[in-house]
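Subject: A structure for you to look at

Hello,

I'm passing a structure on to you, together with some notes on what turned up in it.

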Amino acid sequence: MAYRWTPDLTRDDITPEPLWLNRRAVMMGAGAAGLGLIGAGRARAEALEPNSYEDITSYNNFYEFGWNKDDPAKHAGGLTIEPWSIEIDGLVERPGTYDLNEILAEMTIEERIYRFRCVEAWSMVVPWNGFELADLLNFAGVREGAKYVAFETLHRPAEMPGQKGGGIEWPYREGLRLDEAMHPLALMATGLYGKPMPRQNGAPIRLVVPWKYGFKSIKSIVKITLTDTQPQTTWNMLQPGEYGFYANVNPEVDHPRWSQARERVIGGGLFAAKKRTLMFNGYEKEVASLYDGMDLETFY
Ligand code: MTE
């Protein structure tokens, strides 16, 4: 690809791992404990002992494992992630069901330090390991006429107890416009903090689109379809008035129930705790041109 992305974040910007893992406690405020973590700043946070993966109290959205933020950490342990395959179909030259190891052997895995911003107004800086989604799409060969990429998560109620319940029409699904998907910032992530992806974060492979809200970052992907029509996305199906197809981080367009103008940077220190949200999550230079001429209040 002609354009290679140049990172603007460094290791010093990374949210310390214990805070990433324990953001439930941090965001709940947990009284003094929560504030203590936020106020401690980077140096002290780094001195904290990382929790074991078993007893992490984390703050995840992964509704296949339940509606509460601590459900994924509690219930994702039984998910079988090996073997894992991804079906790639639709407008591609080489449709098929590929074993993940076969895909990984073809990809260049690198570490990317990205801002990660949730609708709920918290943000972090996370070191992801993965490869560019564009490389995977090129591996499958995008055919003429393809305009969108649709993604689906595993549907396996026996291992994903949340799928036994109602609310969401499974599988969880997401979509990107093809030019967004081909952008070098869009990452297929297989790990974080230099370790394999924890199950509650979307093992063994998930999407990370750093200029969009976290809900676009679909976890545990098993299917990718190239299509000429805009695909349905889970949150848009559930609450179209609140969650659009684009879901670009945009401080000027509020979520109907809360402002998106400011965010709490977890681990950013007490006085830096709330900061102004940046357009496209700080990736305006890289991605604004994708939306030239579009009214971003209409296409939110
Ligand atoms: N992917 C699937 N399959 N199921 C989900 O419920 N939740 C989304 C997204 N990806 C979700 C998903 C939402 S709402 C958010 S905010 C992010 O995952 C959270 O990612 P994290 O747990 O790694 O922070």
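**What was found**

Leu133, Ala134, Leu136, Leu137, Phe139 and Ala140 are the buried residues of helix H6. Buried stands for under 20% relative accessible area, exposed for over 50%, and partly exposed for what falls in between (1.4 Å probe, protein chains only). Helices (H or I, at least four residues) and strands (E, at least two) are DSSP runs that are numbered from the N terminus.

A word on the source: this is a predicted model, in which local features need pLDDT of at least 70 and side-chain atom pairs count only at pLDDT 80 or more, while totals for chains, interfaces and linings use all residues. Residues are numbered from 1 along each chain as its sequence is written, and side-chain values use heavy atoms, with hydrogens and water left out.

**Covered elements**

H6 spans residues 133-140 and is mostly covered, with six of its eight residues buried. Just after this helix comes Gly141, which has a positive phi of about 80°.

Strand E6 (residues 173-177) is mostly covered too: five of its five residues are buried. In a regular strand, side chains alternate between the two faces of the sheet. For E6, one side carries Arg173, Gly175 and Arg177 and the other carries Glu174 and Leu176, and both faces are covered.

E6 runs antiparallel to strand E5 (residues 148-153), and five bridges join the two. Strands count as paired if DSSP finds at least two bridges between them. If you want a spot to look at, Phe151 stands opposite Glu174 in E6. E5 also holds Glu152, which is partly exposed, with a relative accessible area of 26%. Glu152 and Ile86 are 66 residues apart in sequence, yet their C-alpha atoms are 9.6 Å apart in space.

**Salt bridges**

How many salt bridges does the structure hold? There are 17. Each is a side-chain nitrogen of Lys or Arg within 4 Å of a carboxyl oxygen of Asp or Glu.

One of them pairs Glu110 with Arg112, where the closest N and O atoms are 3.2 Å apart. Glu110 is partly exposed at 24% relative accessibility, whereas Arg112 is buried at 3%. Arg112 also meets Glu132 in a salt bridge, at 2.7 Å from N to O. Since Glu132 lies in strand E4 and Arg112 in strand E3, this pair ties together parts that are 20 residues apart in sequence. Both Glu132 and Arg112 are buried. Through shared partners, the salt bridges join Glu110, Arg112 and Glu132 into one network.

Another salt bridge is made by the side chains of Arg156 and Glu159, at 2.9 Å from N to O. Arg156 is partly exposed, with a relative accessible area of 27%.

**Backbone details in the loops**

Two cis peptide bonds may interest you. Glu82 and Pro83 are joined by one, with omega about 0°; Pro83 sits in the loop between helix H4 (71-75) and strand E1 (85-90). The bond from Ala203 to Pro204 is cis as well, with omega near -5°, and Pro204 belongs to the loop between strand E8 (195-196) and strand E9 (206-208).

Positive phi values in residues other than glycine also turn up. Ala121 has phi near 75°. Its loop lies between strand E3 (110-117) and strand E4 (122-132), and Ala121 is buried, with a relative accessible area of 14%. Ser220 has phi near 45° and is found in the loop between E9 and strand E10 (221-227). Ser220 is buried, with a relative accessible area of 0%.

**A charged patch**

Which residues form a negative surface patch? They are Glu252, Glu284, Asp295 and Glu297. Patches are made of residues with over 30% relative accessible area and no salt bridge; like charges are joined within 9 Å, and nonpolar side chains (Val, Leu, Ile, Met, Phe, Trp, Tyr) within 5 Å. Areas come from the Shrake-Rupley method with a 1.4 Å probe, and for residues only the protein chains shown count as cover. Lys and Arg count as positive and Asp and Glu as negative, with His and the chain ends not counted. A charge is placed at NZ of Lys, CZ of Arg, CG of Asp or CD of Glu.

Best wishes
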